[in-house]
Every structure is written in structure tokens, then in C-alpha cells.
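The following report describes one protein model for computational work.

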Amino acid sequence: MTHDTPSGATPEVVLSIKGVSKTYAGGFTALKSVDLDIAKGEIFALLGPNGAGKTTLIGIICGLVNASSGSVEVFGHDIKGDFRLTRARIGLVPQEMSIDMFTKVKDAVAYSRGLFGKPADPAYIEQVLKDLSLWDKRDSQMRALSGGMKRRVMIAKALSHDPDILFLDEPTAGVDVELRQGMWQVVERLRQRGKTIILTTHYIQEAEEMADRVGVIRQGEIVLVEETATLMAKLGRKQLTVLLAEKLSTLPAALSADRLRLADDGMSLQFDYDTQAEKTGIASLLAGLNEAGVSVRDLETRQSSLEEIFVDLVGGNS
């Protein structure tokens, strides 16, 4: 679902994070020199395990946490020097729900708008509630809503002051599959209205389904930023294991290739290939083995999943 910038146009950077680090008083370093640029109108998914630094990074951008070093700019304005201006352009949907359960839906959303010093605008609030399929529930108390509907009210509150950038911190945590898909549709509609959306998630499928780009954070460091389509193309890559009849001590010189590795026990070869490529290189590999007098006992293929790529990255094996 990547949305391209018109040919020749440079995407406008709406959020620029440079060298942001955070070390807490106890000595724990939550973030280590994070650099990241987010373009206008994109959906960016930040993936990472618990404790990787996702929520700390969002907290810094939203002015809830002070960075130890580095800078953050929102539409070219420094978040410290122009706090009120930058914060007004950001909406945050936190993981934890913090709503008075006896408040009516429309009142909760209108109140949030007032917190940003924006004048009352019933027509805008109505539009937000309609966009989120909440208009029918406008006079319901929060306690009467399902978990998924409460999550939508949290998004409505974050949109109440019409921000340009929306942060969704684990937006579908604890939400069932059907509601999760509904949430994805909400996010896509928001993007169509020109919002830039940054979400954190544990769900690989969520990032795959919604995001233009994916960033992976591990132990406070961004270890990968890639277009989702490029990352998914890696799923087209398979690994061929060539089981050998006899042990090899080294690769025959004629076979040395970037994509070919000899196993430690010398009894198999690993060959990476792209299933989407015109030529996989398997035929020439097998011909080369034959010419080199290497006997093949069997062949096995396997395909990496995005889940495995992610586990490798966050597990430190990348």
C-alpha cells in the first residue's frame, strides 16, 4: 500500500529526529542516538519488543519525556523552542485508556479539543465522530462501549484539535481480529485526509497491511528502516539447502558466490535465491557442482517469513 510521491518531487519531511538519546536517572539507557525522518502523508510502523524504546521515543516527540540529547523538529520547528506550536500539530493515542467512564462520547472529544485552546467546533467534532463510526454513539457513556469502540474514542480525542501527525501506540492491543481490520480502515481514511500516521505495534501483519515503511527498534536503537514493499520482497527469497553425498572442506573455487555458503559440518551448502527473479541461479549452481565433481544427495527449500526476519533483527542475529 505504498503511496508514491509525484515524479521528481521530494517528500516533505514533517518529523525529523536527530541523534535522540534517553538515559534515565538510574542509568538505564532507553534510546541510543535515534535518527529518523517521517514524510508527510505516510504511514510508518515502528516494530519492536516490549522495552525496545518505542513508547519512550513517542513520549519525547510529544513532549511527555525529556531527551538526554538530540533534537526533534515538527514541520521545521524545534519541539523545545516551539512546544505549544509543535504539540498542537500532534495527536497521541496512548496504549493506556484514560477516559472518565461516565462521560458521553461527544463531550469527551469536545473537551480534548478545548485542552489545546481550540474554539468549540461542533461541526468538526461531528465529522470526526462520523469518520470513526461513532456518531450513533455520541450520547452514550464511555462505560457502555465495547473495547474496540473505546479505542476509537481515544483516536477521536487525539484528532479533536485536527493535528497533522497522529501517533498510535499499540492501537489494536487487546482488540479482536474483526475490530483490528476496522481499525486499519480507519487509519487508511485518516491518511486519505492528509494525516501522517506513526504507529507502534507487535503485530507483523498490522505493519504489513497498513504501513508504507517499517522501522525496527531493538534495545533503543533503530536497526532497520525499509519500505514495506521492499521488506515484503525479501519474503520472495528462499533458501536452497544442497545436501552433499561427501564432506567438503572448502567451496570449489568455481563455485564461490555471494549467495552460497558451506555449512560448518561440510555436509551441505546453503544458496539464497529470489523466487521472483527471471533466473534463480539454481540450474547453473547444480551444473557447476556437477562439473566440480561434487555429488548431491538431496535438495531442500525453505522460505523466510517476515516474522523470522523480525525475530532475527530484534534477537540480535542480524
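Asp 212 is buried, with a relative accessible area of 5%; here buried means under 20% relative accessible area, exposed means over 50%, and partly exposed lies in between (1.4 Å probe, protein chains only). The model is predicted: local features need pLDDT of at least 70 and side-chain atom pairs count only at pLDDT 80 or more, whereas totals for chains, interfaces and linings use all residues. Residues are numbered from 1 along each chain as its sequence is written, and side-chain values use heavy atoms, with hydrogens and water left out.

**Salt bridges**

A salt bridge is a side-chain nitrogen of Lys or Arg within 4 Å of a carboxyl oxygen of Asp or Glu. By this rule the count comes to 10, including the pairs tabulated here.

| Pair | Closest N and O atoms |
|---|---|
| Arg 191 and Asp 212 | 2.8 Å |
| Asp 272 and Arg 261 | 3.1 Å |
| Arg 191 and Glu 188 | 3.4 Å |

Arg 191 lies in helix H6 and Asp 212 in the loop between helix H7 (204-210) and strand E9 (213-218), so their pairing ties together parts that are 21 residues apart in sequence. Helices (H or I, at least four residues) and strands (E, at least two) are DSSP runs, numbered from the N terminus. Arg 191 is buried at a relative accessible area of 6%. Arg 191 and Glu 188 are three residues apart in H6, and therefore separated by about one helical turn; both are buried. Asp 272 is partly exposed at 27% relative accessible area, and Arg 261 is partly exposed at 36%. Shared partners join Glu 188, Arg 191 and Asp 212 into one salt-bridge network.

A nonpolar core is a set of buried Ala, Val, Leu, Ile, Met, Phe, Trp, Tyr and Cys residues joined through side-chain atoms within 4.5 Å. The largest one has 38 residues, and Leu 132, Val 153, Ile 155, Leu 159, Leu 166, Leu 168 and Ile 197 touch the most other members. Helix H5 (residues 147-159) supplies the largest share of this core, six residues. Of the 13 residues of H5, 11 are buried, so the helix is largely enclosed by the rest of the structure. Its buried residues pack against strand E6 (90-93), helix H3 (105-115), helix H4 (122-131), E7 and helix H6 (177-192), where contact means heavy atoms within 4.5 Å.

Asp 169 lies in strand E7 (residues 165-169). Although buried, Asp 169 has no salt bridge, and the nearest side chain of opposite charge, Lys 54, is 6.4 Å away; Lys and Arg count as positive and Asp and Glu as negative, while His and the chain ends are not counted. A polar contact of 2.6 Å joins the side chains of Asp 169 and Thr 200. Such a contact is a pair of N or O atoms within 3.5 Å; within protein, one must be able to donate a hydrogen and the other to accept it, and residues adjacent in sequence count only if both atoms are side-chain atoms.

Thr 280 is found in the loop between strand E13 (268-274) and helix H9 (282-291). The side chain of Thr 280 reaches the backbone nitrogen of Ile 282 at 3.3 Å.
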